[in-house]
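Subject: Structure for your review

Dear colleague,

Please find below the sequence and the structure that I am handing over to you. My notes on what was found follow directly after them.

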Amino acid sequence: MIMVWLLPLIVIGGLFYPLLGYLVIAMMALLLSLSFFRSRYWCWHLCPRGAFLDIALSKVSAKRPTPKIFTVQWFRWFIFALFMSFLIIRITRTGGNYIAIGAVFVGMCVITTIIAIILGVITKHRGWCMICPMGTFQEKVHKLNHSKTGKKT
Ligand code: SF4
(Lines give C-alpha, C1' and ligand atoms only; values in the text may rest on other atoms or scores of the structure.)
Protein backbone atom coordinates (compact mmCIF):
# COMPACT_ATOMS: atom_id res chain seq x y z
CA MET A 1 0.00 0.00 0.00
CA ILE A 2 2.81 2.43 0.76
CA MET A 3 3.90 2.39 -2.89
CA VAL A 4 0.47 3.32 -4.31
CA TRP A 5 1.47 6.96 -4.84
CA LEU A 6 3.98 5.82 -7.48
CA LEU A 7 1.12 4.95 -9.86
CA PRO A 8 -0.30 8.50 -10.31
CA LEU A 9 3.26 9.82 -10.30
CA ILE A 10 4.07 7.68 -13.35
CA VAL A 11 0.77 7.68 -15.28
CA ILE A 12 0.03 11.39 -14.76
CA GLY A 13 3.45 12.88 -14.00
CA GLY A 14 5.04 10.77 -16.72
CA LEU A 15 2.91 12.48 -19.38
CA PHE A 16 4.73 15.74 -18.55
CA TYR A 17 8.08 14.27 -17.50
CA PRO A 18 8.77 11.08 -19.53
CA LEU A 19 11.92 10.26 -17.58
CA LEU A 20 9.59 8.99 -14.84
CA GLY A 21 9.23 5.96 -17.11
CA TYR A 22 12.60 4.81 -15.78
CA LEU A 23 10.87 4.16 -12.47
CA VAL A 24 8.95 1.41 -14.30
CA ILE A 25 12.25 -0.17 -15.39
CA ALA A 26 13.56 0.03 -11.82
CA MET A 27 10.38 -1.59 -10.50
CA MET A 28 10.57 -4.36 -13.11
CA ALA A 29 14.15 -5.09 -12.06
CA LEU A 30 13.15 -5.14 -8.39
CA LEU A 31 10.11 -7.37 -8.85
CA LEU A 32 12.06 -9.86 -10.92
CA SER A 33 14.86 -10.01 -8.35
CA LEU A 34 12.33 -10.52 -5.57
CA SER A 35 10.43 -13.18 -7.51
CA PHE A 36 13.56 -15.31 -7.59
CA PHE A 37 13.17 -15.93 -3.84
CA ARG A 38 9.63 -14.87 -2.96
CA SER A 39 7.45 -15.62 -6.02
CA ARG A 40 4.74 -12.93 -6.21
CA TYR A 41 5.69 -11.08 -3.02
CA TRP A 42 5.86 -7.89 -5.09
CA CYS A 43 2.25 -8.32 -6.23
CA TRP A 44 0.77 -8.62 -2.75
CA HIS A 45 2.98 -6.19 -0.83
CA LEU A 46 4.70 -3.65 -3.08
CA CYS A 47 3.07 -3.19 -6.48
CA PRO A 48 1.63 0.35 -6.82
CA ARG A 49 -1.01 -0.81 -9.30
CA GLY A 50 -1.96 -3.79 -7.16
CA ALA A 51 -2.40 -1.44 -4.20
CA PHE A 52 -4.48 0.94 -6.31
CA LEU A 53 -6.72 -1.94 -7.43
CA ASP A 54 -7.14 -3.03 -3.80
CA ILE A 55 -7.89 0.46 -2.51
CA ALA A 56 -10.02 1.96 -5.29
CA LEU A 57 -11.30 -0.76 -7.62
CA SER A 58 -12.43 -3.09 -4.85
CA LYS A 59 -15.11 -0.46 -4.05
CA VAL A 60 -16.56 -0.26 -7.55
CA SER A 61 -15.88 -3.72 -8.93
CA ALA A 62 -18.80 -5.84 -10.16
CA LYS A 63 -16.99 -8.74 -8.45
CA ARG A 64 -17.89 -11.10 -11.28
CA PRO A 65 -15.76 -14.14 -12.11
CA THR A 66 -12.94 -13.54 -14.55
CA PRO A 67 -13.06 -15.38 -17.91
CA LYS A 68 -11.83 -18.96 -17.51
CA ILE A 69 -9.20 -18.38 -20.20
CA PHE A 70 -7.36 -16.06 -17.76
CA THR A 71 -6.16 -19.14 -15.89
CA VAL A 72 -4.93 -20.95 -18.99
CA GLN A 73 -1.12 -20.88 -19.27
CA TRP A 74 -0.87 -20.47 -23.04
CA PHE A 75 -3.22 -17.49 -22.91
CA ARG A 76 -1.20 -15.83 -20.13
CA TRP A 77 2.01 -16.35 -22.12
CA PHE A 78 0.29 -15.02 -25.24
CA ILE A 79 -0.51 -11.80 -23.35
CA PHE A 80 3.09 -11.70 -22.10
CA ALA A 81 4.46 -12.10 -25.65
CA LEU A 82 2.04 -9.52 -27.00
CA PHE A 83 3.07 -6.85 -24.49
CA MET A 84 6.78 -7.61 -24.71
CA SER A 85 6.69 -7.49 -28.54
CA PHE A 86 4.84 -4.18 -28.40
CA LEU A 87 7.38 -2.86 -25.89
CA ILE A 88 10.42 -3.98 -27.91
CA ILE A 89 9.05 -2.60 -31.20
CA ARG A 90 8.35 0.76 -29.59
CA ILE A 91 11.80 0.91 -27.96
CA THR A 92 13.56 0.12 -31.24
CA ARG A 93 11.64 3.00 -32.84
CA THR A 94 13.02 5.51 -30.33
CA GLY A 95 16.44 5.41 -32.01
CA GLY A 96 18.05 5.22 -28.57
CA ASN A 97 16.66 8.57 -27.42
CA TYR A 98 16.57 8.18 -23.63
CA ILE A 99 13.59 10.54 -23.18
CA ALA A 100 11.59 8.65 -25.81
CA ILE A 101 12.48 5.34 -24.09
CA GLY A 102 11.14 6.75 -20.81
CA ALA A 103 7.97 7.79 -22.65
CA VAL A 104 7.53 4.23 -23.98
CA PHE A 105 7.48 2.86 -20.42
CA VAL A 106 5.10 5.60 -19.26
CA GLY A 107 2.85 4.70 -22.20
CA MET A 108 2.92 0.99 -21.29
CA CYS A 109 2.06 1.85 -17.71
CA VAL A 110 -0.87 4.04 -18.84
CA ILE A 111 -2.21 1.37 -21.23
CA THR A 112 -1.95 -1.48 -18.72
CA THR A 113 -3.51 0.68 -16.00
CA ILE A 114 -6.49 1.49 -18.24
CA ILE A 115 -6.94 -2.23 -19.00
CA ALA A 116 -6.57 -3.04 -15.29
CA ILE A 117 -9.30 -0.50 -14.42
CA ILE A 118 -11.70 -1.83 -17.09
CA LEU A 119 -11.15 -5.45 -15.99
CA GLY A 120 -11.35 -4.40 -12.34
CA VAL A 121 -14.75 -2.79 -12.88
CA ILE A 122 -16.35 -5.54 -14.97
CA THR A 123 -14.78 -8.56 -13.25
CA LYS A 124 -12.83 -8.82 -9.97
CA HIS A 125 -10.89 -5.81 -8.74
CA ARG A 126 -7.61 -7.65 -9.40
CA GLY A 127 -8.81 -9.27 -12.64
CA TRP A 128 -5.85 -7.80 -14.50
CA CYS A 129 -3.39 -9.45 -12.12
CA MET A 130 -4.40 -12.87 -13.46
CA ILE A 131 -2.97 -12.03 -16.88
CA CYS A 132 -0.47 -9.27 -16.05
CA PRO A 133 2.77 -10.06 -17.93
CA MET A 134 4.85 -9.19 -14.86
CA GLY A 135 2.78 -11.53 -12.69
CA THR A 136 3.21 -14.36 -15.20
CA PHE A 137 6.95 -13.70 -15.42
CA GLN A 138 7.42 -13.61 -11.64
CA GLU A 139 5.82 -17.04 -11.31
CA LYS A 140 8.07 -18.45 -14.02
CA VAL A 141 11.27 -17.01 -12.51
CA HIS A 142 10.33 -18.41 -9.10
CA LYS A 143 9.56 -21.85 -10.51
CA LEU A 144 12.84 -21.89 -12.43
CA ASN A 145 14.79 -21.08 -9.28
CA HIS A 146 13.03 -23.78 -7.28
CA SER A 147 13.30 -26.44 -9.96
CA LYS A 148 17.05 -25.73 -10.07
CA THR A 149 17.52 -25.93 -6.31
CA GLY A 150 14.94 -28.71 -5.83
CA LYS A 151 13.09 -26.63 -3.22
CA LYS A 152 9.34 -26.90 -2.87
CA THR A 153 7.32 -23.78 -3.82
S1 SF4 B 1 0.09 -8.93 -11.30
FE2 SF4 B 1 1.01 -7.09 -12.22
S3 SF4 B 1 -0.35 -5.38 -11.70
FE4 SF4 B 1 -0.92 -7.12 -10.41
S5 SF4 B 1 0.18 -6.76 -8.53
FE6 SF4 B 1 1.48 -8.10 -9.80
S7 SF4 B 1 2.83 -6.77 -10.98
FE8 SF4 B 1 1.19 -5.51 -10.09
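Two residues are taken to be in contact if their C-beta atoms, placed from the backbone, lie within 7 Å. On that basis, among contacts between residues at least 6 apart in sequence, 77% join residues at least 24 apart.

Please note that this is a predicted model, in which local features need pLDDT of at least 70, side-chain atom pairs count only at pLDDT 80 or more, and totals for chains, interfaces and linings use all residues. Residues are numbered from 1 along each chain as its sequence is written.

Overall fold. The protein has 7 helices and 0 strands, where helices (H or I, at least four residues) and strands (E, at least two) are DSSP runs numbered from the N terminus. The C-alpha atoms fill a box of roughly 45 × 40 × 30 Å along the principal axes. For 153 residues, a compact globule would have a radius of gyration near 15 Å, and the 16 Å of the protein agrees with this; the radius is taken over C-alpha atoms, and the globule rule is 2.2 Å times the number of residues to the power 0.38. Buried residues make up 29% of the 153 residues; buried means that 20 or more other C-beta atoms, placed from the backbone, lie within 10 Å of the residue's own.

Helix H4. Pro48, Arg49, Gly50, Phe52, Leu53 and Leu57 are buried in H4, and the buried residues of H4 pack against helix H1 (6-16), H3 and helix H6 (98-122).

Leu53. Leu53 counts as buried because it has 25 C-beta neighbours inside 10 Å. Beyond its neighbours within four places in sequence, Leu53 is in contact with Ala116, Gly120, His125 and Arg126.

Yours sincerely

How values were computed
Buried ≥ 20, exposed ≤ 12 C-beta atoms within 10 Å, placed from the backbone.
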